[in-house]
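This report describes one protein chain for a reader who is new to structures. Please keep the sequence and the 3D view at hand while reading.

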Amino acid sequence: MTKKVTNARYHRLTRIDDGFVDLQYEKQKPKMPWGGIILAVFLFLSGSLLIALSSLLFTGHLNGQYSEGAWPLLILGILMFIPGVYHVRIACFAYRGYPGYVFDDIPDFE
């Protein structure tokens, strides 16, 4: 059997503060998205390598036997180079503290 409480007294709580905490206004240390930065550096370096190899194939400095593969190398190199250089640039500027660049703009793969 449960007991019923019939004479409960309610009163309004007094608030001293306005509901805000000072910690919510402090700037937090930015978290480095290491997975995104490593992927961006990989894309940048491998895209640069593929563009350099395709240009060597176009100019004939490498064996002419593989010259038909220069266009796919160039296209793949450009597709890897563009996002790589974009995110490496954001990471460098965010690390140096330029206004408008933050590590939150780089995707993190957790």
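The sections below go from the whole chain to single residues.

## Basis of the model

This is a predicted model, in which local features need pLDDT of at least 70 and side-chain atom pairs count only at pLDDT 80 or more, while totals for chains, interfaces and linings use all residues. Residues are numbered from 1 along each chain as its sequence is written, and side-chain values use heavy atoms, with hydrogens and water left out.

## Overall make-up

The protein has 2 helices and 0 strands. Helices (H or I, at least four residues) and strands (E, at least two) are DSSP runs, numbered from the N terminus. Helix 1 covers residues 34-59, and helix 2 covers residues 70-96.

Of the 110 residues, 19% count as buried. Here buried means under 20% relative accessible area, exposed means over 50%, and partly exposed is in between (1.4 Å probe, protein chains only). The accessible surface of the protein is about 9700 Å², and carbon and sulfur atoms make up 64% of it. Such areas come from the Shrake-Rupley method with a 1.4 Å probe; for residues, only the protein chains shown count as cover.

A contact means heavy atoms within 4.5 Å. Among the contacts with a separation of 6 or more, 58% are between residues 24 or more positions apart.

## Annotated spans

The UniProt record, an unreviewed entry, places the feature "transmembrane region" at residues 37-58 and 70-88. UniProt positions are given in the numbering used here, feature names are shortened, and annotations may be inferred rather than shown by experiment.

In the model, residues 37-58 are 100% helix and 0% strand, with 31 Å between the end C-alpha atoms. Residues 70-88 are also 100% helix and 0% strand, and their end C-alpha atoms lie 26 Å apart.

S54 is in helix 1. Is S54 buried or exposed? S54 is buried, because its relative accessible area is 1%. Apart from neighbours within four places in sequence, S54 is in contact with A70, L73 and L74.

L57 is also in helix 1, and L57 counts as buried because its relative accessibility is 11%. L57 and L74 are 17 residues apart along the chain, and their C-alpha atoms are separated by 9.9 Å.

H61 lies in the loop between helix 1 and helix 2. With a relative accessible area of 65%, H61 is exposed. The side chain of H61 makes a polar contact with the side chain of T59, at 2.8 Å. A polar contact is a pair of N or O atoms within 3.5 Å; within protein, one must be able to donate a hydrogen and the other to accept it, and residues adjacent in sequence count only if both atoms are side-chain atoms.

H87 lies in helix 2. A polar atom of the H87 side chain is 3.0 Å from the backbone oxygen of P83. Leaving aside neighbours within four places in sequence, H87 is in contact with A40, D105, I106 and P107.

The largest nonpolar core has 6 residues: I37, I90, A91, A94, F103 and I106. Helix 2 gives the largest share of this core, 3 residues. A nonpolar core is a set of buried Ala, Val, Leu, Ile, Met, Phe, Trp, Tyr and Cys residues joined through side-chain atoms within 4.5 Å.

## Aromatic pairs

How many aromatic pairs are in the whole structure? A search finds 4. The ring centres of F93 and Y98 are 5.0 Å apart and their planes are at 70 degrees, so this pair is edge-to-face. Rings of Phe, Tyr and Trp (its six-membered ring) pair if their centres lie within 6.5 Å; planes under 30 degrees apart count as stacked, over 60 as edge-to-face and the rest as tilted.

F93 is partly exposed at 25% relative accessibility, and Y98 is partly exposed at 39%. Ring pairs link F93, Y98 and Y101 into a cluster.
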